2 protein chains.
Amino acid sequence: MPPVVKLSVDADEVPVWRAALARAFAEAGLAVELRLAGETVAPETVSYLVYVPSGPVRDFRPYTGLKALLSLWAGVEKALANPTLPADTPLCRMVDPGMTRGMVEYLVAETLRHHLDLDARRCGPDGGWPQTAPPLAGERRVGVLGLGELGAEVARTLAGLGFVVRGWSRTPKRIEGVRCLAGAAGLDETLSQSEILACVLPRTPATENLLDARAFGLTPRGATIINAGRGELIDDAALLAALDDGRIARATLDVFRVEPLPADHPFRRHPRVFATAHVAAFTRPRSAAAVIAAQIARAEVGLELLHVVDRARGY
Amino acid sequence: MPPVVKLSVDADEVPVWRAALARAFAEAGLAVELRLAGETVAPETVSYLVYVPSGPVRDFRPYTGLKALLSLWAGVEKALANPTLPADTPLCRMVDPGMTRGMVEYLVAETLRHHLDLDARRCGPDGGWPQTAPPLAGERRVGVLGLGELGAEVARTLAGLGFVVRGWSRTPKRIEGVRCLAGAAGLDETLSQSEILACVLPRTPATENLLDARAFGLTPRGATIINAGRGELIDDAALLAALDDGRIARATLDVFRVEPLPADHPFRRHPRVFATAHVAAFTRPRSAAAVIAAQIARAEVGLELLHVVDRARGY
């Protein structure tokens, strides 16, 4: 009997995920019974639940035969907050190569935009000709907060473009060309030495409000903040105050405490905030479905699952 | 007797170049007599002229003892157009690592800006939340026209970021990860397969008006043009017509037929043209001065000069 895989995603995303998973299972030569949320299937017969927190399955208790809960999102704080999450079933976060590439592209594009500030060099109808040399990446200190799958690749890419890169993470890491720091002292060095600070940390109790008034007091005057991790990493009021007194010159924000970002939120109107709709780290169905297929194939032959969430640390 | 080096640059640039050259000569352990344009020096005693076409030296005939004419600019079409240029004195174009990095940063920044189009995804005061996945570089075809010192590094860097890169040059080249093309058929493939076309060609009789109505008829509908080579590569009227009928969606232009770009030029007002003041390929005094010192050091010990201009091909 092939294992039963149940897909629980938002209704409008079912067609694209069904197609991507069917293709990935076929390409992996993996025989499974794929069931959608609306299809009749006895919960206790489901071996793998492919899942987003906003989908229809919210109560895991009937799924007594689960071998793994496979998240389609990289961030798992909402899955962990579900009180019905079984204690002994592995929860895997999504590490999607497509998502990693998307995150790298977003952060490199925004880092270069702030670094070169070409918009300020635009030759418009006023007839100006502002011909001054832009800075070079080798003169620009960039910090990356978070050196997991996403942050490590971001730091490596920025270093490859010539930036002077510091990276900070909870546990010590090694990345060629990047000064890797950890712990409280490492955080303070990263904050105080980063003219552009790119943040890709997960949301955990230890990262909430990491970027608060104290942090903005340590960054170089006129620094730029880019947040593509989670909205809760930033103390919104402290960031607005730092923007208004010039300690922080600009911010690019892709994630927010409340999403969609409320229509009346000051981030939408601040002239030096560039806000986007949580687009930096999209799960890409094609590459993510291949990851799901690979995870199930591993589990079915008794190999360890990859990217199993450590519930104590929160990711 | 140390060789006499004469510096001929615009008056306002003399201090920065004098300092950079003095430092570079000292670091290279090179003994030279550095003379500025205003200083008395018998022209026939000058061994090396460090030169920009807009500087005070316009008549090379009195400089009968020149071992080399060392341009501080990468583009040498103006030097070659000077009728007093001695036929048998090597003219060296500037290949400045700082300029190369600057060009790479400018073109990667603009390529990513057009590729991701994050400005169109901005969450502003209208309350919108445009949450759609940006494209990935692996799905984006980019062309680089010109694969010399600058273009090769641009193509290599874009390929490293995951773009599907074609490159075109006069003579065949090999660059890992880049589909290198040459000749007329290669040009047409590059034009027809590039959603974003980055141009870094030099100005020669063969490249003038390369991007004309025929070229814009070959590019994919909605393509983006980025020109950081020379203004003469583009037929301005043809580009404006292609922009207005949508065949070309957008253009980033850093170089123009007349610079500074005239205040009434349509490129300054066109909503889909982003113009900058010839800032992509600035010669950086510190790294360029080191190149000048290295060239003189080579010549003084009898080694061949680097980057000697081939006057028949024009660069």
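Select A:His278 to begin: this residue lies in the loop between strand 12 and helix 8 (285-300) of chain A. Helices (H or I, at least four residues) and strands (E, at least two) are DSSP runs, numbered from the N terminus. The phi angle of A:His278 is near 50°, a positive value in a residue other than glycine.

The model on screen is predicted, so local features need pLDDT of at least 70 and side-chain atom pairs count only at pLDDT 80 or more, while totals for chains, interfaces and linings use all residues. Residues are numbered from 1 along each chain as its sequence is written, chains are lettered from A in the order in which they are written, and side-chain values use heavy atoms, with hydrogens and water left out.

**The cis peptide bonds**

Next, select A:Glu259 and A:Pro260. The peptide bond from A:Glu259 to A:Pro260 is cis, with omega near -5°. A:Pro260 sits in the loop between strand 11 (248-253) and strand 12 of chain A. Then move to chain B, where the bond from B:Glu259 to B:Pro260 is cis, with omega near -10°. B:Pro260 belongs to the loop between strand 11 (248-253) and strand 12 (273-275) of chain B.

**The interface**

Now display both chains together. In contact (heavy atoms within 4.5 Å) are 51 residues of chain A and 51 residues of chain B. The two chains bury about 4,100 Å² between them, 65% of it on carbon and sulfur atoms. Buried area is the accessible area (1.4 Å probe) that two parts lose on being put together, summed over both.

Select A:Glu105, A:Trp129 and A:Arg268: in chain A these lose the most area to chain B, together 18% of what that side buries. Between chain A and chain B, 23 residue pairs are in polar contact (both at pLDDT 80 or more). Such a contact is a pair of N or O atoms within 3.5 Å; within protein, one must be able to donate a hydrogen and the other to accept it, and residues adjacent in sequence count only if both atoms are side-chain atoms.

Colour helix 3 (97-116), helix 4 (149-160) and strand 12 (273-275) of chain A, each of which supplies at least two residues of the side that touches chain B. Helix 3 of chain A gives the largest share of that side, 11 residues.

**The cavities**

On a 1 Å grid over the protein atoms alone, a cavity is a set of points where a 1.4 Å probe fits but cannot get out, and lining residues have an atom within 4 Å of a point. Grid points are joined across faces, edges and corners, and a volume is the space filled by probe spheres set on the points. The count comes to seven cavities of 30 Å³ or more.

The largest cavity has a volume of about 160 Å³. Of its 17 lining residues, select those closest to its centre: A:Ala109, A:Glu110, A:Arg113, B:Ala109 and B:Arg113. Helix 3 of chain A and helix 3 (97-116) of chain B each supply at least two residues of this lining.

The second largest cavity has a volume of about 40 Å³. Its lining includes A:Tyr106, A:Arg284, B:Leu116 and B:Pro134. Helix 3 of chain A contributes the largest share of that lining, three residues.

Note on methods
1 Å grid on protein atoms, 1.4 Å probe; cavity = no way out; pocket = protein on both sides within 12 Å on 5 of 7 lines; lining within 4 Å.
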